[in-house]
Amino acid sequence: MTKTELLAIIRQAKEEQWLELNLSGQGITELPPEIGQLQALQNLHLTFNQLSQLPSEIGQLQALQSLDLGKNQLNHLPFEIGRLQALQLLDLYENQFSHLPPEIGRLQALQELNLWENQINHLPPEIGQLQALQTLNLWQNQLSHLPPEIGQLQALQNLNLWQNQLSHLPPEIGQLQALQRLDLEKNQISHLPPEIGQLQALQFIDLSNNLLNDDLTFLTTLKNLRVLDLRNTFTALPPTLARLKKQGDGIYIPRHSPNLPEEFLGNNSWKIYDYLSEGKGQLLPLNEAKLLLLGDGTVGKSSLVHYLLHNKFARKTKTEGIDRLPWKGLTVNGQQIRLNIWDFGGQEILHATHQFFLTKRSVYILVLDARHGEQESRLEYWLKLIQSFGGDSPVLVVTNKTDEEHRLTLNHRFLQEKYPNIIGFYPTSCRTGAGIAELKARIIDTVATLPHIHDPMPASWFKLKKSLEKSKENYLSYEAYQALCAKQKITATDSQNTLCGFLHDLGIVLNFRDDNRFDRLRETNVLNPEWVTNAAYKLLNNVELCKNHGVFSKSDLANLLDAKNYPSPKEHQFIIDMLQKFEMCFPLADTASDYLIPQLLPNNEPDLGWDKANSLRFEYHYDILPHSVFSRCIVRLHEIISQKTYWRTGVVLQLDGNKALVTADIEDKKIFIWVSGNPATRRELLAIIRKELQHIHRTIKGLSAKARIPHEDITVDYQHLLFLESIGQTSYFPEGLKEEIQVQALLSGVDLPKTQPPQPAVIFNGDYIAGDKPMSTVTQNFTSSTIHGSVLAAETISNCLNTVQQADDTSPDLKAVLNELLENIKALNNQAPTTQAPLIETLSRETETLITEIASPQPRKRYALLSLEGIKEAAISLEAAATPILAVAEKIGGFLQTMG
């Protein structure tokens with residue numbers, strides 16, 4: 001916005017007596033003095049601009065009630081700010097303040113002051129004059145102490161001091177008689193003043209990630225305490241606080257409260273507090289779980305469901321996608337519960353969608369056909385699939401149709417030892433009813449053992465859940481969901497987001513707010529999963545679409561889907577987005593509206609005349625190889641497909657003059673890669689293919705995919721070669737060969753070149769003698785820290801710190817963010833148990849690859865983004881502990897997008 005345009009808006013606002021003026025995100029660098037003429041103005045929004053100072057005339061806005069100056073470049077305020085006697089809300093977050101002027105104390109009407117993410121190192125004594133102040137947010141600053149005057153804030157209810165440098169609190173903190181929430185996470189506090197015990201209104205206190213070593217006996221007097229967070233501290237709950245009970249790694253809640261749901265335990269303490277507080281503390285038992293039936297097509301899953309629900313046989317047609325049915329009136333642990341039955345279609349082509357509905361809060365029934373042999377039944381395929389997505393969820397194996405020819409015999413002991421989550425094996429016949437009563441009794445017994453079947457939910461959440469279940473809409477916007485939340489007085493954004501995720505886990509809605517690729521999906525909740533999967537089923541089983549080798553356009557969906565459930569282009573585009581989310585289709589590059597479904601490609605491999613003998617080779621060997629792995633691989637690599645050369649189990653890729661042939665042998669459970677071209681650069685194409693396959697592997701938890709390097713007539717385990725390299729062994733005799741192979745020769749053939757590690761600095765009497773100079777105190781102190789996670793990761797991070805400091809061509813801002821990433825990984829590694837070492841090593845390797853690429857003379861955006869995705873995936877696997885790493889990764893992504 002130009003100065004002329006800004007002055008014109010101010011003139012109009014003055015003439016029309018505007019009450020609110022929103023100038024956010026306009027690139028404003030200077031606010032003109034004329035702003036002081038807006039005597040009627042009550043709300044002024046200036047966030048996301050480039051302001052470095054404010055005019056003194058700002059003090060003339062006598063009617064102003066809220067002033068939003070967040071995300072600018074301000075480092076001071078004019079003394080006239082104290083004249084804003086009507087001001088109730090002042091937003092100064094994400095600026096460059098190191099201090100506040102004394103005049104801040106004159107804002108007698110101020111109720112909320114937001115100062116997070118600045119550089120404030122002290123507060124003026126005048127802060128105590130803000131007698132109306134209810135909320136003071138100071139997280140992520142540089143405060144080392146608080147002034148005694150802080151105790152004068154008699155109206156203060158919320159004080160957030162997360163991630164500062166506080167080593168102690170003043171005794172006056174105990175004078176804050178209205179204080180309800182106190183966040184001290186990530187400071188350096190070792191002792192608390194006993195006056196904390198005087199805060200009788202306190203409901204929430206977060207002391208996690210401090211050096212705390214108190215016995216906390218003085219907290220006994222806090223009768224209203226709902227959440228006490230002691231995670232990552234050196235203290236434990238004293239016996240005198242027995243009215244609180246421990247949840248997870250150190251969250252304490254009132255003993256009379258039901259246990260928290262498992263998925264909440266990794267959340268920050270604020271989300272846990274919101275969860276316990278919504279509905280004015282009223283909690284109701286969930287009394288609900290999912291019962292999922294899996295198995296091949298025509299094994300009788302739907303008939304079994306009908307018998308369980310209605311106690312009689314009915315011949316059912318083939319399930320098209322997913323059927324959901326409620327099973328009500330069951331008594332478990334003396335309480336009435338409901339099972340949500342999910343009956344999955346058995347067609348292989350639909351398995352790519354199933355993974356989004358297979359969850360841990362479930363009981364699984366695997367249905368087999370007694371007329372088929374074990375191989376034909378694909379028993380272990382299904383067991384591994386459940387293991388991958390359902391974790392340790394209990395499994396009941398049902399052998400159905402036992403009244404007909406019975407060929408299936410199973411080694412029960414062997415299978416239960418291999419898959420400990422198998423509860424038992426149950427022969428049934430839906431035609432005669434044999435075995436159904438025993439199966440039903442065992443289902444109820446199994447549900448009774450689920451640890452979270454009676455999870456508590458706030459009453460308001462329960463009401464919203466019921467209203468969504470009654471909805472006849474197939475999907476609704478996130479804004480409509482928020483409106484429904486508001487009706488139940490669930491107004492906090494964090495609570496709405498948490499509840500949305502909870503409903504997603506229960507299978508009541510689907511929501512993909514974590515997916516940045518499709519805005520329509522991120523902003524939509526799907527209330528009816530069948531609506532999505534049935535659309536996929538119609539497309540995947542359409543004869544004309546198969547004849548067209550899986551190619552369709554958006555306009556084709558009007559004929560391929562029924563108009564009643566999918567009436568308009570809006571629904572059609574939504575289904576296409578969902579298919580892309582499931583990695584079941586991709587847009588064709590040479591058209592504006594055509595898409596291709598790889599699973600509908602023909603099976604015939606074209607005659608390529610590929611010179612496999614002189615190609616760079618790599619393989620993956622699987623314990624099971626779902627069809628979806630390879631079709632997803634084609635989707636993820638579609639941008640570099642060569643001249644539309646693809647078939648159902650193969651694809652040819654091309655990049656920078658190199659070509660790759662990638663094929664899958666589903667029966668032999670292997671994927672083969674051959675790369676031809678320039679021996680100096682073809683490893684880069686292989687690296688991209690491996691990266692995408694590794695991403696797919698990580699999304700299928702428990703999938704065993706062993707990377708192997710072909711050598712003569714054998715293949716060598718890639719991970720074993722890495723291990724030999726790490727211990728300095730240069731050669732070994734692999735099984736099947738009578739001669740040694742060179743470890744480095746095989747690895748250098750498939751891996752991208754590594755950067756030369758810096759030489760360790762030699763320091764004598766504090767003076768630098770030789771080697772690479774230590775660039776920072778952080779780097780020097782790193783090797784002396786205690787490593788709990790991985791020594792290899794520690795060394796990698798240390799090398800990376802030096803690489804960043806020596807990257808002269810990298811911008812200072814990007815180097816600062818890279819250092820922040822390394823600091824977070826280092827902190828995680830220092831705290832993590834050794835069981836997480838492999839994940840942290842993966843994280844550090846991906847980080848090393850990213851930094852090497854960024855620090856190179858000509859960094860390549862594609863490779864840097866691939867490494868960044870690997871960092872995110874590794875961090876997600878480490879769950880809540882790696883949340884700061886994900887936040888920094890997002891910042892790095894912004895820098896990478898500006899690369900050429």
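**Entry 1: overall counts**

I began with burial: 53% of the 900 residues of the protein chain count as buried (under 20% relative accessible area, with exposed over 50% and partly exposed in between, for a 1.4 Å probe and protein chains only). I noted that this is a predicted model, where local features need pLDDT of at least 70, side-chain atom pairs count only at pLDDT 80 or more, and totals for chains, interfaces and linings use all residues. Residues are numbered from 1 along each chain as its sequence is written, and side-chain values use heavy atoms, with hydrogens and water left out.

I then looked up the elements. The protein chain has 26 helices and 37 strands. Of the contacts in the protein chain with a separation of 6 or more, 54% come from residues 24 or more positions apart. Contact means heavy atoms within 4.5 Å.

**Entry 2: the 12-strand sheet**

I traced an open sheet of 12 strands with mixed pairing, in the order E1-E2-E3-E4-E5-E6-E7-E8-E9-E10-E12-E11. Two strands pair if DSSP finds at least two bridges between them. Strand E1 (20–22) and strand E11 (244–247) are at the edges with a single partner strand each, so one side of each has no neighbour in the sheet. Neighbouring strands here are turned by 10° against each other on average, direction ignored.

I checked one pair inside it. Strand E3 (residues 66–68) and strand E4 (residues 89–91) run parallel, joined by 3 bridges. Serine 66 is opposite leucine 89 in E4.

Next I looked at helix H2 (residues 269–277). H2 lies across strands E7, E8, E9, E10 and E12, and runs at about 165° to E10. Axes are lines fitted to C-alpha atoms, for helices over the stretch in contact, and angles run from 0 to 180 degrees between N-to-C directions.

I also looked up leucine 237, in the loop between E10 and E11. Leucine 237 touches Leu228, Leu230, Leu244 and Tyr252, leaving aside residues up to four places away in sequence. Its C-alpha atom is 7.3 Å from that of aspartate 215, 22 residues apart along the chain.

**Entry 3: strand E16**

I found 8 of the 10 residues of strand E16 (residues 335–344) buried, so the rest of the structure largely encloses E16. Strand E14 (residues 288–294) runs parallel to E16, with 6 bridges. Leucine 293 is opposite aspartate 343 in E16. Strand E15 (residues 322–332) pairs with E16 in the antiparallel sense over 9 bridges. Threonine 331 is opposite glutamine 336 in E16. The hairpin of E15 and E16 has 2 residues between the strands, and asparagine 333 takes a positive phi near 55° there.

**Entry 4: helices H23 and H24**

I compared the axes of helix H23 (residues 812–831) and helix H24 (residues 837–855): they come within 11 Å and cross at roughly 165°. That makes H23 roughly antiparallel to H24 (over 145 degrees; under 35 is roughly parallel, 65 to 115 roughly perpendicular and the rest oblique). The contact includes Leu814, Leu818 and Asn829 of H23 and Ile840, Thr847 and Ile854 of H24.

Serine 811 counts as partly exposed, at 34% relative accessibility. Its C-alpha atom is separated by 9.8 Å from that of phenylalanine 895, 84 residues apart along the chain.

Technical notes:
Helices (H or I, at least four residues) and strands (E, at least two) are DSSP runs, numbered from the N terminus.
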